[in-house]
Protein chains: 2
Amino acid sequence: MTAIYGKVALIGLGLIASSMAHAMRRSGAAEVISGTSRSAETRAIARELTLADEITDTAAEAVRDADLVVLCVPIGAMEAVARDIAPHLKPGATLTDVGSVKRAVIDAVAPHLPDGVHFIPAHPLAGTEQSGPRSGFAELFDNRWCILVPPENADRKEVARLARFWEALGSNVDEMEADHHDLVLAVTSHAPHLIAYTMVGVADDLRRVTDSEVVKYSAAGFRDFTRIAASDPTMWRDVFLTNKDATLEILGRFTEELFALQRAIRTGDGAHLHDYFTRTRAIRRGIVEAGQDTDIPNFGRGR
Amino acid sequence: MTAIYGKVALIGLGLIASSMAHAMRRSGAAEVISGTSRSAETRAIARELTLADEITDTAAEAVRDADLVVLCVPIGAMEAVARDIAPHLKPGATLTDVGSVKRAVIDAVAPHLPDGVHFIPAHPLAGTEQSGPRSGFAELFDNRWCILVPPENADRKEVARLARFWEALGSNVDEMEADHHDLVLAVTSHAPHLIAYTMVGVADDLRRVTDSEVVKYSAAGFRDFTRIAASDPTMWRDVFLTNKDATLEILGRFTEELFALQRAIRTGDGAHLHDYFTRTRAIRRGIVEAGQDTDIPNFGRGR
């Protein structure tokens with residue numbers, strides 16, 4: 001294919017950025033890829049893997065002459081990076097990001113940008129429980145959604161170009177308003193992650209059940225929670241701190257509902273439990289039918 | 001191999017029983033397999049699949065001359081079945097079950113048994129989100145734990161024989177006391193399932209986020225919960241009603257911990273969140289190292 005952007009700069013070289021590098025290579029979506037990380041160790045690994053055409057020591061060097069700059073750092077680091085690169089951005093370049101929260105990224109980044117730079121926040125809904133420059137792979141975005149959150153006055157031509165870029169990386173592309181994005185993700189991602197972290201923490205904390213029992217007998221359901229709860233701690237700390245309101249709202253609803261089910265257990269209300277568990281089955285069917293998960297039992301483990 | 005039991009009777013023909021039938025065939029652990037289900041439709045499917053050597057219309061017929069009788073019905077149905085089959089059990093036979101709660105099964109079944117029958121409750125920690133006679137497969141128990149819960153006065157020779165039987169079906173075998181079993185499973189299975197059911201119910205219930213958004217964007221974490229929340233409603237209703245105390249205790253601990261994390265989010269205590277999320281990562285490593293889950297990212301989806 002004809003490249004969609006001349007030079008693409010990746011700021012940060014973790015799971016998402018390294019997967020983007022592989023997917024750009026696979027698709028030819030970029031002519032040249034530059035990359036950088038604050039960590040010298042990460043830069044050394046990236047050079048060893050030849051993740052990009054050039055791995056620079058500073059973000060300022062990486063973004064020089066770049067047509068697309070992608071912020072792939074934890075949300076809490078976005079503002080400092082934006083301030084750092086702003087004077088070095090090429091006029092007419094597009095700046096985007098891959099953060100899991102959008103309102104906070106907009107508030108942190110937008111004030112620092114010079115006129116003539118197109119800021120189009122984005123969020124690829126893809127990831128694994130692994131992190132770092134070695135964890136990336138080209139297929140990460142295949143058939144996953146990437147949500148663009150363009151400002152109202154965005155240049156539609158540049159929005160369409162960024163959409164084509166993500167499609168070339170394998171994604172389906174949608175647009176959403178920032179606050180609605182943050183609420184939807186609080187439901188489908190942020191609250192589930194906090195709940196999984198909590199359950200794993202509780203298991204680790206009990207005195208009457210040993211850690212080795214928890215590990216040994218985890219196949220009974222618990223192990224699914226531990227996968228989610230193995231995700232990157234810095235990234236997730238920043239998600240919760242920056243999507244505070246929506247996450248707390250969903251957790252509030254969750255707690256209400258959990259109390260109602262606990263009451264049903266306590267009072268022996270089997271009909272309530274059975275109805276509830278029947279309803280939740282339908283959602284699973286919808287997800288499998290929409291191609292967003294496998295229908296192989298146990299995610300195909302042990303078959 | 002030489003058969004471990006002459007005739008094995010399966011009462012109930014769902015996921016566990018049909019998997020046992022396949023695994024007995026694979027291993028030769030039984031000379032003859034009989035089976036029955038309360039549902040005529042299930043019996044017809046079992047006959048079509050030739051799941052057992054004989055599919056009988058009643059439990060009384062199925063257990064006739066059986067050396068091992070396995071109760072594979074929801075926990076709430078165990079007492080009625082025990083009362084029903086008790087007069088027909090062969091003297092010296094072993095009666096076992098596969099229920100996810102052990103104290104309640106013992107209380108429901110033991111009073112009905114004639115002298116000379118060995119009652120050795122058991123719980124294979126294996127399953128998928130699917131159910132019914134077509135969902136079984138021979139590998140379900142491979143490298144999974146099966147916990148035996150023999151009474152104090154059990155005949156050790158018969159306990160050892162039942163252990164050999166489960167090993168022949170692919171399991172690793174452990175022994176535990178009934179109440180401790182119920183507490184361990186509340187942590188590794190029952191509380192996680194209720195939490196997953198709750199989170200999926202909350203997502204389904206919101207008015208500000210549509211079902212189609214929940215389905216579309218589920219890959220961000222939520223879909224793992226929906227797999228668990230697609231499990232059999234009747235089985236799980238009975239689990240919660242019969243393991244009430246341990247489940248409510250763990251859910252109480254869970255709620256405390258969740259409130260502490262919510263407070264950390266509200267007050268912006270990033271260090272607390274980061275520490276917590278770092279600790280939970282270690283548990284995941286332990287589970288992968290113990291061979292109880294895959295270390296392939298995302299359970300191998302999309303790679």
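Analyst: In helix H10 of chain B, residues 233-242, the buried positions are B:Pro233, B:Trp236, B:Asp238, B:Val239 and B:Phe240. Buried means under 20% relative accessible area, exposed means over 50%, and partly exposed lies in between, with a 1.4 Å probe and protein chains only. Helices (H or I, at least four residues) and strands (E, at least two) are DSSP runs, numbered from the N terminus. The cover over the buried residues of H10(B) is drawn from both chains: it includes helix H11 (244-267) and helix H12 (270-289) of chain A, along with helix H7 (178-205) and helix H11 (244-267) of chain B. Contact here means heavy atoms within 4.5 Å.

The model is predicted: local features need pLDDT of at least 70, side-chain atom pairs count only at pLDDT 80 or more, and totals for chains, interfaces and linings use all residues. Residues are numbered from 1 along each chain as its sequence is written, chains are lettered from A and ligands numbered from 1 in the order in which they are written, and side-chain values use heavy atoms, with hydrogens and water left out.

Chain B is laid on chain A by a turn of 180 degrees and a shift of 0.0 Å along the axis, with an RMSD of 0.0 Å. That is the relation of a two-fold axis. The superposition is by least squares on the C-alpha atoms of residues with pLDDT of at least 70 in both copies. The copies meet through the same surface, because 100% of the interface residues of chain B are also interface residues in chain A.

The largest nonpolar core has 142 residues, and A:Val69, A:Phe225, B:Val69 and B:Phe225 touch the most other members. Such a core is a set of buried Ala, Val, Leu, Ile, Met, Phe, Trp, Tyr and Cys residues joined through side-chain atoms within 4.5 Å. Leaving aside neighbours within four places in sequence, B:Phe225 has contacts in both chains, including A:Pro192, A:Phe225, A:Ile228, B:Ile195 and B:Met199.
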